[in-house]
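Thanks for coming, everyone. Let me put the chain on the screen, and then we'll walk through a few places in it.

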Amino acid sequence: MVHQTMNTSNSRAPSASSNNKVMTGRGSVFGWFGKGVQSVAVGRLWRMGASALIVGSLVACATDVVQVPAAPADMPPLAVPTDTAPLPPAIQRTGSRWVPVRWSELPGWGTDGLHAVWNAWVRGCERPAPGQAALCAEVRQLSIATDAEQQAWVMRRFQPYRVTEPDGTPPTGLLTGYYEPIMDARRQPSATHRTPLYAPPASLRSGQPWFSRQQIDTDASAQAALKGREIAWVADPIDALILQIQGSGRLNITEADGRQRQVRVAFAAHNGHPYQSVGRWLLDQRAIREASWDAIKTWAAQNPKRLNDMLWSNPRTVFFREEALSDFDARFGPRGAQGVPLTPGRSIAVDPQSIPYGTPVWLATQGPTLDIQRLVMAQDTGGAIVGAVRADLFTGWGSWTDEPYTTAAALKQPLQLWVLWPR
């Protein structure tokens, strides 16, 4: 699910975090939003999401969503291993270097309830990381184990490594957030809903620039190529931009016959132009003091004649595909770059040059929005998610006033990462 980030940085790639994550790429669209959301409120979000998703995990186990062989009969006992064995050598990757550490060096290890991440791990077993497929049977079996049993199994099966720069330098990491917006839409254009969301045009070619955002709005050839490719119409062009930056969203759509239902639109492609942050454009012009969506929308309402100038400063346009949203699918986020549904608070977007998809990652961050040490899964990427210790935390789905949005919008703080790799 390529997303952009709301960070003012301009680099990134496609996924559920889209090639346009919130406002800077499909990295974190919100890194530069507003002041922090209180940790108490965030805690409620995580606890609520965890409860629902654990149920979803058990449901998934009861279906054939994930085909995993039965757990081996000789699965080792779940006693906590000693943390004194000789450490293995460091692992060199293209975008990072992994330095082996003791479990005791992971801040907060042993305090996180691993049940909350197990759902994301089970879903990740649909497309496991290299070298981890054989462990999926045990992951599935341990879905109903105690926290202590899960922790002991992780320590027995995995070695923790501190993620550093490729030369081994401890990096200054960055954590941002992204979410899945929920918006009203119409199947037909109306006086209030006049901004279209498009499926990819037939003439689009991967790796080749197509018409820019400005050309799509003004060029007759571009408009002819997109005729009949409209999926739905939303009320505000900035809402459409937010969907493109996030890379996916849910539409409460009104059909032509008046029926209402919820569907998902997911990232399908983009027009091949570089992503540019409209927030950065406004900041550079000193039109706003804070690159938040509230500030951007306020400026747009006060400067309607310059709205297109702002929108066209970002030449990239994202195209979508519509997906049905069953009751079961609605319990999960969109599919990330790993190809599995994202789990609120437990799925992160990473730079795959640093961390492979499907890898369990111990995350530690302390700041005005979140103060957490927890196990998460690397399951997505984004255009602005570049670097050894760079992550975008998927916060869930909701509207402008819901915690997934406010948390993602406020999240921009230091980060440390440790990957857990099979022994």
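So, what covers the buried residues of α4? The cover includes α2 (115-124), α3 (136-141), β5 (158-164) and β16 (412-422). The helix α4 itself spans residues 147-157, and its buried residues are Q150, Q151, A152, W153, V154 and M155. By buried I mean under 20% relative accessible area, with exposed over 50% and partly exposed in between, using a 1.4 Å probe and protein chains only. Helices (H or I, at least four residues) and strands (E, at least two) are DSSP runs, numbered from the N terminus.

Quick housekeeping: this is a predicted model, so local features need pLDDT of at least 70 and side-chain atom pairs count only at pLDDT 80 or more, while totals for chains, interfaces and linings use all residues. Residues are numbered from 1 along each chain as its sequence is written, and side-chain values use heavy atoms, with hydrogens and water left out.

For the overall picture, we have 11 helices and 16 strands. Of the 423 residues, 56% count as buried. If you take contacts between residues at least 6 apart in sequence, 77% of them join residues at least 24 apart; a contact here means heavy atoms within 4.5 Å.

Ring pairs link W118, W121, W153 and F158 into a cluster. To count as a pair, rings of Phe, Tyr and Trp (its six-membered ring) need centres within 6.5 Å; planes under 30 degrees apart are stacked, over 60 edge-to-face, and the rest tilted.

How many aromatic pairs does the whole structure have? The search finds 17. Take W98 and W421: their ring centres are 5.3 Å apart and the planes sit at 65°, so that pair is edge-to-face. W98 is in strand β4 (residues 97-100) and W421 in strand β16, so the pair ties together parts that are 323 residues apart in sequence. Both W98 and W421 are buried. W153 and F158 also make an edge-to-face pair, at 5.7 Å centre to centre with 70° between the planes.

Now for empty space. Rolling a probe the size of a water molecule over the atoms shows where it is left. On a 1 Å grid over the protein atoms alone, a cavity is a set of points where a 1.4 Å probe fits but cannot get out; a pocket is an open set with protein on both sides within 12 Å along at least five of seven lines, and lining residues have an atom within 4 Å of a point. Grid points are joined across faces, edges and corners, and a volume is the space filled by probe spheres set on the points.

There are 2 cavities of 30 Å³ or more. The largest cavity has a volume of about 50 Å³, and its lining includes W121, C125, C136 and M377. The elements giving two or more residues to that lining are α2 and α3. By class, the lining has 8 nonpolar, 4 polar and no charged residues. For those classes, Ala, Val, Leu, Ile, Met, Phe, Trp, Tyr, Cys and Pro are nonpolar, Asp, Glu, Lys and Arg are charged, and the others, Gly among them, are polar.

The largest pocket comes in at about 510 Å³. Which of its 23 lining residues lie nearest the centre? Those are R194, T195, P196, D217 and P237. This lining has 11 nonpolar, 6 polar and 6 charged residues.

R194 sits in the loop between β6 (173-186) and β7 (195-198). It is exposed, at 64% relative accessible area. Leaving out residues up to four places away in sequence, R194 touches W233 and V234. The C-alpha atoms of R194 and D236 are 7.7 Å apart, although the two are 42 residues apart along the chain.

D236 caps the N-terminal end of α7, with a side-chain oxygen 2.8 Å from the backbone nitrogen of I238. In α7, 9 of the 10 residues are buried.

How values were computed:
A polar contact is a pair of N or O atoms within 3.5 Å; within protein, one must be able to donate a hydrogen and the other to accept it, and residues adjacent in sequence count only if both atoms are side-chain atoms.
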